[in-house]
Amino acid sequence: MTAMRHHAISLPLIGGLASFAVIALLIGGAFVALLTAAADIDLGAVVGDGYIRHVIGFTVWQASLSTLLSVGLGIPVARALARRPNFPGWEWLRFLFAMPFLTPVIVAIFGLVAIYGVTGWLNQGLALLDLPQKFYLYGLAGILIAHVFFNMPMVVTLLLPRFEAVPADSWRLASQLGMNSWAIFRVIELPLLRQTLPTIALLVFLLCFVSFVVVLALGGGPAATTLEVAIYQALRFDFDLGRGVSLALLQLAIGAALFGLTRVFERHMPMMPKLRSTVGRPDASGLLGRMLDPIVIAVAALFVALPLITVLIEGALGSIGEVMSNERLQQGALRSLGIAALASLFCAALALGISMSTRQRGGRTLRWSGAFQAASVGGLVVSPLALGTGLFLLFRPIVDQAWVSYALVIAMNAIMALPFGLRTLSQAIADAAREDDRLCAALGLSGWNRLRLIDWPKLRKPLGLCLALAFSLALGDLSAIALFGRDGMETLPLLLYQQMGAYHMPDAKVTAALLLLLNFLSYAAIAKMVGGHVRR
């Protein structure tokens with residue numbers, strides 16, 4: 001009996017240790033390589049450089065503005081959706097606001113350029129109205145628009161469950177007291193936002209701080225350069241390893257500090273109920289709300305949907321047959337799918353190992369699981385280029401070999417997707433252990449029989465979401481392939497970036513539409529095939 005119990009406890013530990021070892025080798029090895037390379041580097045001279053100080057200042061400034069706009073616009077949109085649960089297409093709107101997270105960054109940039117660029121729809125519309133055509137997308141304005149496109153919907157997605165989770169008793173009491181919309185916001189919703197917003201705002205700031213593709217494509221020059229782009233330029237164009245390592249270490253230190261702040265605030269966030277209140281809000285019938293809420297929802301939905309629709313329209317109007325017959329495009333598509341498949345499997349294996357290490361009888365966490373989970377969020381702490389720089393230094397003697405470059409791209413994509421994949425799995429596994437361990441022990445179910453009859457029906461949906469999410473993120477990634485890619489290693493995102501940079505817009509239109517369709521279709525197919533129908 002004791003041996004069996006020891007075996008049951010050791011299996012999660014083995015999985016956790018294996019995943020932890022892989023993560024430590026990649027992130028820890030990259031970090032050690034950075035520190036070793038920085039031993040003979042004068043960090044003070046790099047930080048004291050006037051241009052670098054400008055880059056740091058601009059990085060913080062654009063991230064601050066992006067966070068302010070994303071959060072400031074996301075609050076009224078989430079509040080309007082929460083107040084209008086019967087709004088036409090409400091569930092579709094919720095799905096729409098999740099789409100930017102799955103959209104390849106370079107594809108979204110193509111859609112934004114098609115709308116807000118010099119020859120975009122906006123300037124063309126102004127010309128038809130005989131108004132001045134002065135909208136210029138590149139620079140700070142373009143960076144802010146792109147960051148709001150990606151992060152405002154995420155803020156809405158994170159805030160909406162909080163608004164929906166207000167207890168029914170609170171709404172009944174507010175109705176009895178005759179509270180108007182402002183009083184409800186001040187008394188009920190504002191305290192909720194004070195508990196939630198710091199974590200959300202810091203997360204958005206961190207994502208904007210380490211943003212790479214957006215700034216690379218829309219920065220427009222040295223005046224709008226961030227630390228991420230400066231690292232890329234130092235390594236790929238200037239071949240200045242010392243500056244690249246110094247900037248990567250600086251990026252790593254700032255990113256770790258920001259993530260530490262999110263963890264401090266997250267510990268104070270209360271748990272929210274999973275079900276929405278069925279009691280209506282007393283401010284839903286107000287005239288001002290009934291007039292403004294549909295406008296707020298419609299404008300936000302249009303802002304998110306229009307770039308995606310534009311990509312599909314532009315692609316449909318392009319030379320589909322000619323572009324699709326291009327051998328580089330076909331090879332790029334196959335290469336992208338292969339990298340995404342391997343990266344998603346690698347990410348899911350790491351996420352399963354970490355999640356299973358938290359599984360103990362009754363859903364209690366093992367005492368070492370905290371260290372495992374802390375290591376797994378390295379994809380948020382370490383920026384892609386900082387991680388890539390360290391891995392480049394670590395494997396520099398053999399990095400010229402094609403298979404090593406592919407392996408590094410796959411590993412980077414898996415590590416960057418791991419925090420999001422882990423979030424979908426860890427809670428489901430903990431819930432399954434808490435709900436079923438005693439029953440399985442009483443029935444003598446274990447091993448394969450338990451997995452087949454009890455665990456798999458409950459875990460297949462979160463596992464499918466984990467795989468689909470990691471596949472989607474890897475399919476649209478440009479950071480890793482831009483750093484490690486060589487001639488003959490072009491993926492669809494890199495090919496699209498090259499086409500846009502060379503102003504081959506007819507080809508870029510079809511490539512962007514193909515990448516967008518592949519991304520969404522593969523996400524839906526993987527989530528459906530693996531997730532299946534969950535028994536209730």
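Helices here are DSSP runs of H or I that hold at least four residues and are numbered from the N terminus, and Met291 has its place in one of them, helix α14. The model examined in these exercises is a predicted one.

**Exercise 1. Determine which residue Arg83 meets in a salt bridge, and where in the chain the two partners lie.**

Solution. Side chains of opposite charge can pair when their charged atoms come close. The cut-off needed for this step is a side-chain nitrogen of Lys or Arg within 4 Å of a carboxyl oxygen of Asp or Glu. The side chain of Arg83 meets that of Asp293 at 2.8 Å, taken from N to O, and the contact is a salt bridge. Arg83 belongs to helix α3 (residues 50-83) while Asp293 belongs to helix α14 (residues 287-316), so this pair ties together parts that are 210 residues apart in sequence.

**Exercise 2. Describe the salt bridge between Glu314 and Lys509, and classify each partner by its accessibility.**

Solution. The side chains of Glu314 and Lys509 meet in a salt bridge with an N to O distance of 3.2 Å. Distant parts of the chain are linked by this pair, for Glu314 is in helix α14 and Lys509 in helix α24 (residues 505-531), 195 residues apart. Glu314 has 13% relative accessibility and so counts as buried, whereas Lys509, with a relative accessible area of 26%, is partly exposed. By the distance rule applied above, the count of salt bridges comes to 4.

**Exercise 3. Classify the geometry of the ring pairs Phe149 with Phe150 and Phe212 with Tyr232.**

Solution. A pair of aromatic rings is described by the distance of the centres and the angle of the planes. The structure holds 6 aromatic pairs. In one of them, the rings of Phe149 and Phe150 have centres 5.1 Å apart and planes at 80°, so the pair is edge-to-face. Phe149 is buried, with a relative accessible area of 0%, and Phe150, at 15% relative accessibility, counts as buried as well. For Phe212 and Tyr232 the centres lie 5.2 Å apart and the planes stand at 70°, so this pair is likewise edge-to-face. Phe212 is in the loop between α10 (181-209) and α11 (213-218), and Tyr232 is in helix α12 (residues 227-236), 20 residues apart. Both Phe212 and Tyr232 are buried. Beyond the pairs, Phe149, Phe150 and Phe303 form one aromatic cluster.

**Exercise 4. Identify which residues form a nonpolar patch on the surface, and decide how Met291 is classified by accessibility.**

Solution. The patch is formed by Leu288, Met291, Leu292, Ile295 and Val299, which together have about 510 Å² of accessible area. Met291, whose place is in helix α14, has 51% relative accessibility and therefore counts as exposed.

Conventions. Residues numbered from 1 in each chain as written. Heavy atoms only, no water. Helix = DSSP H or I, 4+ residues; strand = E, 2+ residues; numbered from the N terminus. Buried < 20%, exposed > 50% of the residue type's maximum accessible area, 1.4 Å probe, protein only. Phe/Tyr/Trp six-rings, centres within 6.5 Å; stacked < 30°, edge-to-face > 60°. Patch = residues over 30% accessible without salt bridge, like charges linked within 9 Å, V, L, I, M, F, W, Y side chains within 5 Å. Areas by Shrake-Rupley, 256 points an atom, 1.4 Å probe, with all protein chains shown as cover.
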